[in-house]
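Me: I am new to this structure and would like to learn how to read it, one feature at a time. Could you guide me through it?

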Amino acid sequence: MPSRGAPPRSAAVPPQGTEPRGPRPERQSGPSRADGGAPVVERYIRDVPDFPKPGILFKDITPLLQSPAGLRESIEQLAALVDPATFDLVCGIESRGFIFASALAAQLGKGFIPVRKPGKLPWKTASESYELEYGKDTIEIHIDAVKEGQGVLMVDDLLATGGTMDAALRLVRRIGGRPVACAFAIELTFLHGRKRLGDVPVHSLVKY
Ligand code: AMP
């Protein structure tokens, strides 16, 4: 698996309590909807080199979540990228995916379903494993998280190699769900993760 790091760049994180100035982006519809708003969100993403291990440039979303404008814009922009008529549930991947998925579900009047790490879900689960750079990881979902044929919007904070989301798509399909699209706050395009997600439409707010 390729390294998840990106060439170092300076992320301008506004000081605590300040908000980006200027007009708020319009809420639009269509595939390039987030274009006008993404820079607002991008301002709040902090690059942390060599975390959690050397060579990885970690995209830290905590400044984005900490900012009332950043949080609001990111949820509104994600909501504008998807067609709520096509799904009933928003599926979030543990743990940062939960933040965006649950806020998005509430914003759009949908339910939220979690995909979690092994051993965390209390009811009967289905599980899927996927390859990491060294070793394997596993994720789980409750077998009754969806009704047969229900449309599901898949959400995570960041798309890197696509291994995590690919496994989540397999999980949701295995229990009878119909993934209609994947949405991410951040996409590391140089890792070509979207290729791994087949023909499911992929939306992201900020691309590196
Ligand atoms: P992947 O399966 O390679 O697409 O990795 C996606 C998952 O790993 C997401 O849940 C991200 O939260 C996390 N992740 C991968 N790379 C990074 C990164 N550079 N910065 C922050 N999170 C990352």
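The dialogue below takes up the sheet, then a helix, then some loop residues.

Reply: Please keep in mind that this is a predicted model, in which local features need pLDDT of at least 70 and side-chain atom pairs count only at pLDDT 80 or more, while totals for chains, interfaces and linings use all residues. Residues are numbered from 1 along each chain as its sequence is written.

Me: In what order do the five strands form the open sheet?
Reply: Strands of a sheet pair through backbone hydrogen bonds, either parallel or antiparallel. Helices (H or I, at least four residues) and strands (E, at least two) are DSSP runs numbered from the N terminus, and two strands pair if DSSP finds at least two bridges between them. Here the five strands form an open sheet with parallel pairing, in the order β4-β3-β7-β8-β9. β4 (111-115) and β9 (202-207) each have a single partner strand and stand at the edges, so one side of each is left without a neighbour in the sheet.

Me: How many bridges join β3 to β4?
Reply: Strand β3 (residues 89-93) runs parallel to β4 and is joined to it by five bridges; Val 90, for instance, has Phe 112 in β4 as its bridge partner.

Me: Which strands does helix α3 touch where it packs on the sheet?
Reply: Contact is counted when the C-beta atoms of two residues, placed from the backbone, lie within 7 Å. Axes are lines fitted to C-alpha atoms, for helices over the stretch in contact, and angles run from 0 to 180 degrees between N-to-C directions. Helix α3 (residues 68-81) touches β8 (178-187) and β9, and its direction makes about 145 degrees with that of β9.

Me: Which residues of α3 are buried?
Reply: A residue is buried if 20 or more other C-beta atoms lie within 10 Å of its own, exposed if 12 or fewer, and partly exposed in between, with C-beta atoms placed from the backbone. In α3 the buried residues are Gly 70, Glu 73, Ser 74, Ile 75, Gln 77, Leu 78 and Leu 81, and what covers them includes α1 (38-42), α2 (62-66), α4 (96-108), β8 and β9.

Me: Is Asp 50 buried or exposed?
Reply: Asp 50, in the loop between β1 (46-49) and β2 (57-60), is exposed, with 11 other C-beta atoms within 10 Å. Although Asp 50 is not a glycine, it has a positive phi of about 60 degrees.

Me: Which residues does a cis peptide bond join, with omega about 0 degrees?
Reply: That cis peptide bond joins Phe 51 and Pro 52, and Pro 52 has its place in the loop between β1 and β2.
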